[in-house]
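Visitor: I would like to learn how to read the aromatic rings in a structure. Where do we begin?

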Amino acid sequence: MLSWLRTQNPELPGLKALAFAITNRSRYTFADHPLLKQNPQKVVPFIGSHGGDLDYIETLPSPRLLSTHLPLSLLPPTVSTYGCRIVYLCREPKDAFVSRWHFDNKMTKGGHINLDEAFTMFCEGCSPFGPFWNHYLQYWNESCKRPHEVLFLKYEEIVSDTLKVARNLASFLGAPFTEEEQLRGVDLEIVRLCSFDALSSKAVNQTGGLEAAGGKIFIEFSSLFRKGKVGDWVNHMSTEMGEKLDLVVEEKFKGSGLKF
C-alpha cells in the first residue's frame with residue numbers, strides 16, 4: 001500500500017508521526033520506537049519537485065508512506081489509478097500564513113522576510129507551491145469525489161480531538177484499531193507518542209536537520225516545532241490583516257463547501 005501525506009504547512013510533523021506509528025505499530029514497542037530516536041521527517045520520506053531518492057523508496061516495505069508539499073495536479077497519475085490513499089492536512093489560513101512566515105525566516109539565513117510584504121504576497125497567491133487556495137481546493141474537491149481514497153484533515157481537528165482523528169486515520173489507512181487494542185490503550189499511547197509536546201521535547205527534534213534543494217537549504221529540525229497553537233495569528237497580525245485574509249478565503253472558497 002502506498003499512502004501520500006500532503007501538507008502545505010511545513011510545521012506539522014505530527015501527521016507524519018501519527019501515520020507512521022499507526023501503520024507500523026506491530027513492528028515496534030513504545031519503549032524502543034523509532035520516533036524516540038528519529039525526526040518524523042526521517043521515518044517518512046519526502047518527495048519534492050525533483051522526485052527524491054526513488055531507488056531508496058522502492059526498497060521500503062509495505063505499508064509505504066511518503067510525504068510531499070506538491071499540489072494534487074503534480075502528483076503522478078498512478079496515485080489515483082493505483083488506488084493510493086492520500087491524507088491531506090491543512091490549517092486555518094491565517095495561522096498557516098504566520099507559521100509559514102516564521103519557518104521561512106528560520107530557513108533563510110542572512111535575511112529577514114518582512115511580515116507586511118509576506119502577507120501581501122500570500123494574499124496574492126505567491127507561495128512556494130502556488131496559491132494556498134488552489135492547494136486546499138484541489139484536495140478538498142478530490143476528497144468529495146473519492147472519500148475512500150482522499151482524506152481531508154484540518155489541523156484544528158487534530159488539536160481538538162487527536163484520539164478521534166487517530167482512530168479515523170487508522171481506519172482510512174486500512175489499519176483500524178481492534179477492540180482489544182483500544183482496551184489495552186494502544187491508540188492512546190500512539191497519540192501520546194506523537195503529540196506536539198512529546199515530539200518537540202525530544203533531543204532528536206531539537207538539534208540537527210535536513211538539507212534541501214541540493215544542499216542549498218538547511219532545515220533545522222527545531223524549526224518544524226514552534227507553538228502548534230490554534231489562533232496564534234492574533235499575536236502577529238492586525239485585525240485589519242485578519243479581516244482582509246478572511247475576505248480572500250471567503251471569495252476563493254465560495255461555493256466549494258470548504259469552511260474554516
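**Reading the rings**

Guide: Begin with F20. Its relative accessibility is 8%, so F20 counts as buried. Keep in mind that this is a predicted model.

Visitor: Is Y28 buried, partly exposed or exposed?

Guide: Buried means under 20% relative accessible area, and exposed means over 50%. Y28 has 33%, so Y28 counts as partly exposed.

Visitor: How many aromatic pairs does the structure hold?

Guide: There are 13 aromatic pairs. F20 and Y28 make one of them, and this pair is stacked. The ring centres are 6.0 Å apart, with 25 degrees between the planes. Planes under 30 degrees apart count as stacked, so the angle settles the label.

Visitor: What is the geometry of the pair F132 and Y136?

Guide: Planes over 60 degrees apart count as edge-to-face. F132 and Y136 have 75 degrees between the planes, and their pair is edge-to-face. Centre to centre, the distance is 5.8 Å. Both F132 and Y136 are buried.

Visitor: Why are F132 and Y136 separated by about one helical turn?

Guide: Because they are four residues apart in helix α7, which covers residues 132-145.

Visitor: Which residues form an aromatic cluster with F132 and Y136?

Guide: The cluster also takes in Y88, F97, F119, F122, W133, Y139, W140, F152, F253 and F260.

Visitor: Which charged end sits over the ring of F260?

Guide: That of K154, 4.8 Å from the ring centre. F260 is also part of the aromatic cluster. Elsewhere, the charged end of K94 sits over the ring of W233, 4.9 Å from its centre.

Notes: Residues are numbered from 1 along each chain as its sequence is written. This is a predicted model: local features need pLDDT of at least 70, side-chain atom pairs count only at pLDDT 80 or more; totals for chains, interfaces and linings use all residues. Side-chain values use heavy atoms; hydrogens and water are left out. Rings of Phe, Tyr and Trp (its six-membered ring) pair if their centres lie within 6.5 Å; planes under 30 degrees apart count as stacked, over 60 as edge-to-face and the rest as tilted. Buried means under 20% relative accessible area, exposed over 50%, partly exposed in between (1.4 Å probe, protein chains only). Helices (H or I, at least four residues) and strands (E, at least two) are DSSP runs, numbered from the N terminus. A charge sits over a ring if NZ of Lys or CZ of Arg is within 6 Å of the ring centre and within 35 degrees of the ring normal.
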